[in-house]
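The sequence and structure are shown first, followed by notes grouped by topic.

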Amino acid sequence: MDKPDCKYGADCYQKNPAHKEKYAHPPKQEAAAVGEQPTTSEGPPAGTATEDEDAGSGSAKRLFNEEQLDEDLKRCKRPPTPEKDDNNAEEAETGRQYHGMGRQRYKLPEVPMDVGMMSDLYDPQIEYSKRAEYKELCDDPKEFIRHKFLVVMPPCFDALWEFCGEQVAGQANGKPEDVFDKIGLRLVGPFDVLAGKFKDVKIHEPGDYLRHWRFYFDPPEFQTVLVKKGSGLHYGYWRDEPDNTDGLVACNDVGKGCEFKIIGQNVFDAVIHFMNENATVTPFNKAPMDNLKKRIVEWTTAKGIPLKGGDKIKARDKLVVCKTFHKAGLVVPYDRKCEIGYRPLLESDANLRKMLTKFNNIDRAKEKAKFQDLMMELQALITAANIAVDECDFGTALELALDLFCHGTTNLHEVMKPLFFTGYSMVKRPQYIAIIKSHLDNRRQGLKLDLLSKDD
């Protein structure tokens, strides 16, 4: 009985006798004869065309070459995984150990690995990685704040949280973040991290964290940590440099404008300033407020934390090169002897305000010609500030950028960005570049500035 031909022909790798009995295999010499043509001494090999036959046999020659190429390609391909055969020596070899690992043959799925499939495969892994990294950050509040808010908190920040924790110790449902609720003051911003509010919530884009409790007129140097409930009055740390931990605190009421006032050298000063100056006193909260103030004084005295100290504020005042529109002042590296690091703007504050007021009621998209006319007047100051940067007076560009920011018109956001970027880059404060960019990209008015409220 005729046996079916083996599909691997003379190149079959199977050594199993049962396989040899089941399939027919041509002798190797016959296989060689298929690929080789006999030659004679009298002329060219059989099957090749002479010069006279080239025109008539070109297509046949190409066909022969294509068939030969197909055979060559087949021999280069890895043969498919054979079915398991207990008597197959090749099969037995594939099961041997290599450094303790078993060698197995796997057949890859015949599915095109296009972009969509790659996304389906790896997006869940990337998302898991992000969530794992986020969880690690939540377990380390200091690292979370540094990573998400790009700043380092001063010692008094942790001290106030410790004080609040002691006030609710022993209370069944007491929370440190609620200690000042009765006097109308709320702990926000980085205190939300200590309160664990960022755990098990939606992961946001990096810029969203930089805008968390950032009011309309808050420059990059300011970070909100306390808010009067239901109002735009807020207190926070003022840092001339991102890694500064002096603990200077300032306040601003966004409803009244862009001006800030530095009121103390630690966050306890901010709490007491609020109770003395801005708290709403009623017959119901006056006694609790007086009692709370007394406890703060006693606790800080025991811990060696000075209140109403002005030494750090006075030391900073000596470094201020200009007040800017926000009145808190700008501090940049400045050599007073050589007068390098800052030079005044070409215009006075009063003239600059008049110039900027003209931008208030312009629709930049619809009144392009009018906007360009006004920009010609402002361009002289911008050019002068850029020249100052070229001559190492970096503070001038920052002063002009902050004045444009404090004026508040959104028409000038794209104008002030290059000034901010250049100025902060030159004084080596890259964190403030990220903060101001995220703020200007989504500069919101009003009081709904809590990133976590979006997760409710």
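About 40 Å³ of space lies in the second largest cavity, a volume being the space filled by probe spheres set on grid points joined across faces, edges and corners. A cavity is a set of points, on a 1 Å grid over the protein atoms alone, where a 1.4 Å probe fits but cannot get out; lining residues have an atom within 4 Å of a point. The model is predicted: local features need pLDDT of at least 70, side-chain atom pairs count only at pLDDT 80 or more, and totals for chains, interfaces and linings use all residues. Residues are numbered from 1 along each chain as its sequence is written, and side-chain values use heavy atoms, with hydrogens and water left out.

**Second largest cavity**
- Its lining consists of E221, W238, D240, H326, G329, L330, V331, L402 and R429.
- By class, four of these residues are nonpolar, two polar and three charged; Ala, Val, Leu, Ile, Met, Phe, Trp, Tyr, Cys and Pro count as nonpolar, Asp, Glu, Lys and Arg as charged, and the others, Gly among them, as polar.

**Largest cavity**
- The whole structure holds three cavities of 30 Å³ or more, and the largest has about 160 Å³ of space.
- Among its 18 lining residues, F149, L210, R214, F222 and Q223 lie nearest the centre.
- The lining comprises ten nonpolar, four polar and four charged residues.

**Confidence**
- The average pLDDT (the predictor's confidence in each residue, from 0 to 100) is 83, and 76% of the residues score at least 70.

Notes:
1 Å grid on protein atoms, 1.4 Å probe; cavity = no way out; pocket = protein on both sides within 12 Å on 5 of 7 lines; lining within 4 Å.
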